[in-house]
Amino acid sequence: MGNLPFIVEDLAHRFDIDYIEPPVFSEETVRIGASLAPEFACLPLKAVVGTFVQALEAGADTLLMGGGSGPCRFGYYAELQRRILEKEGYRFNLIVLDPPSTSLKAAYSGLRGIVGPDVARLGTLVRELKRALAKVVVFDEIEKWVLALKGREAEEGSVARAAEEARQVTSAAFTGKEIRRARREAQLLFEEVPLDDNRQHMRFGLVGEIFVVLEPYFNFDIGNWLGKRGVVVERCVHIADTVYPGGRNPIFGYSDRQVARAASPYLTHEVGGDGLLSVGATAIFASRGFDAVIHFLPFTCMPEVIAKSVLFRVSEEMGIPVLSLTIDEQTGRAGIETRMEALLDLARSRRRRACREVAGLSVAT
Ligand code: SF4
């Protein structure tokens, strides 16, 4: 999912864990997951079941799954996946990693299960996790820069090349000093990307459920698709923001409290998953003058279905087009691209209309 492979590789290296990198998502992964999971389960469950089967077939004997609590089904998924896989005859050890916000004790015991008792001294754990977190922040910043610059690059492919090099430099960093140096180098690489200042560009916000928003296979590589059409993209969901303590969200740049305040005229409480963030971030993008917001939700995702119903009002009252795209295992690229093209046309005509209005001209387009 998104940057997660780089992060997992770093953690495995840090704690000397022998791990199997699961294959990238494919039709086969989804086919396996959808055939084993309940039909009305959301896409992330099906996709992860498919990935687990592929990892077990490749020789994994231990599976690691996130846990949690709250008004979304995610907290049940580890147990559900265990039962599905055992019913299929697989034998494995399942470690559930609960977030510290659920229970510090459960989080510590999950970590001990992964790193083993030898390296589970609290001081070592904290030091290495702090370094790993610093690295997660850099990987996410790289993604943020890619989304922001792709739509304005003067030479096609220059942003992708900068990203590739920046990721290599960051992957090789291990200590705190090396990570800080890698961040400086990565930033420099992006600062040197030549931009086309004459190219007209639009700004789109990306909100929705973390799995679909972050994973290019399921969002049809939307950031790249929009970038090629001259759109500057900003996303509100990032792995670093999700794991960063204190709800500061260093990558998105707005704290949980600021997001909740922005959402409060429309939604006043948590609805699970990223629902509140979707509403708050859309309001933030609208107040910053973005041209449109794209909202991704997996089919049957409860928090995002609530957000979707609220986003109608945000769109109407704040005057920003919001396109909600529901993704499941049947969703095809052509359908998504057609709707994206329509959104681009709408955003362009709103721009033209706004220019004419400012100039006092007829608004016919
Ligand atoms: S947030 Fe939505 S898609 Fe994600 S696990 Fe929860 S219900 Fe499923």
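The model is a predicted one, in which local features need pLDDT of at least 70 and side-chain atom pairs count only at pLDDT 80 or more, while totals for chains, interfaces and linings use all residues. Residues are numbered from 1 along each chain as its sequence is written.

Next, display the shell itself. Of its 13 residues, those that come nearest to the ligand are Cys42, Cys72, Phe74, Gly273 and Cys301; a residue is near a molecule if its C-beta atom, placed from the backbone, lies within 6 Å of it. By class, the shell has nine nonpolar, one polar and three charged residues. Here Ala, Val, Leu, Ile, Met, Phe, Trp, Tyr, Cys and Pro count as nonpolar, Asp, Glu, Lys and Arg as charged, and the others, Gly among them, as polar. Helix α14 (residues 302-318) supplies the largest share of the shell, three residues.

Move to helix α2 (residues 27-36), where Thr29, Val30, Ile32, Gly33 and Ala34 are buried. A residue is buried if 20 or more other C-beta atoms, placed from the backbone, lie within 10 Å of its own. The buried residues of α2 pack against α3 (43-57).

Then select Ile142, Ala186, Phe204, Val212, Val279 and Val293, which have the most contacts inside the largest nonpolar core, a set of 92 residues. Such a core consists of buried Ala, Val, Leu, Ile, Met, Phe, Trp, Tyr and Cys residues joined through C-beta atoms within 7 Å. Centre on Ile142: leaving aside residues up to four places away in sequence, Ile142 touches Ala163, Ala166, Arg167, Thr170 and Ala186.

Finally, zoom out to the whole protein. Its C-alpha atoms fill a box of roughly 70 × 45 × 40 Å along the principal axes, and 38% of the 365 residues count as buried.

Conventions. Buried ≥ 20, exposed ≤ 12 C-beta atoms within 10 Å, placed from the backbone. Helix = DSSP H or I, 4+ residues; strand = E, 2+ residues; numbered from the N terminus. Contact = placed C-beta atoms within 7 Å.
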